[in-house]
Amino acid sequence: MNYHFDWSVIARNMDRFLAALGLGLGLAVISLIIGCVLGLVVAYARVSGKKWLSGPAWFYVELIRCMPLLLLIFFVYFGLPEFGIYFLDKTQSFVLTLSLYAAAYMSEVFRAGLASIPKQYVEAAKAIGMRPWQRQRWVVLPVMFRITLPSISNNLISLFKDTSLAAAIAVPELTFLARQVNANTFRVMEVWLTASAMYLVTAYLLATLLRLVERRYASIR
């Protein structure tokens, strides 16, 4: 093996690697937040019992879940301008796509969470005179989020790894930067080992932090 490692390339670009990593993590967090809001709306539509709500919600979930994420990224970024939608830059386009993608999966998580809420909780809320919106605000949603917290955590880690696909439309996250630095320096092993290690360490630390949060909140009291 004649390959000689030169880590000075990484040292010179470490600030750029860290900035790109931060961007990817930020994209994942923002997309998860938007996805949770949209997913909750879709979940309520699925369990509403009204076909004019549950039907479109079911179609949306199945459509998104059965399409590759990369294809959705291309459709939103390259396809929407064909319909006259030009206000999205590449980063906004990716956030929109990842949020819609996350919403489809989170809706199923929330739907299962809503179905798992013990009936006595709702009955107790009715017994003390809570109105429907009060039951949702103070009983159903808090309990549902506690039940689904582990799944929310897993989805955040998954979305963080999926941000690597943003490189396909030149969003300057970690994978795109690694590819750029590799093209400029031809230091293949150093660049991709560094990017892989940064993904691995960040995902592990994120998972560890989320496990601590789950131990504190992911239980019904």
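**Close-up views of a predicted model**

**View 1. Phenylalanine 186 is placed in the loop between α7 and α8.** Helices (H or I, at least four residues) are DSSP runs, numbered from the N terminus. In this predicted model, local features need pLDDT of at least 70, side-chain atom pairs count only at pLDDT 80 or more, and totals for chains, interfaces and linings use all residues. Residues are numbered from 1 along each chain as its sequence is written, and side-chain values use heavy atoms, with hydrogens and water left out. Phenylalanine 186 has a positive phi near 60° although the residue is not a glycine. Its relative accessibility is 64%, which counts as exposed (over 50% relative accessible area; buried is under 20%, partly exposed in between; 1.4 Å probe, protein chains only).

**View 2. Alanine 170 lies in the loop between α6 and α7.** Alanine 170, also not a glycine, has a positive phi of about 65°. This residue is partly exposed, with a relative accessible area of 26%.

**View 3. The largest nonpolar core has 50 residues.** Such a core is a set of buried Ala, Val, Leu, Ile, Met, Phe, Trp, Tyr and Cys residues joined through side-chain atoms within 4.5 Å. Phe17, Phe94, Phe110 and Leu174 have the most contacts inside this core. Helix α1 gives the largest share, 11 residues. Not counting residues up to four places away in sequence, the residues that phenylalanine 17 touches (contact: heavy atoms within 4.5 Å) include Ile10, Leu174, Val191 and Met198.

**View 4. Arginine 215 is found in helix α8.** Arginine 215 is exposed, with a relative accessible area of 65%. Arginine 215 and leucine 149 are 66 residues apart in sequence and 9.9 Å apart in space, C-alpha to C-alpha.

How values were computed. Helix = DSSP H or I, 4+ residues; strand = E, 2+ residues; numbered from the N terminus.
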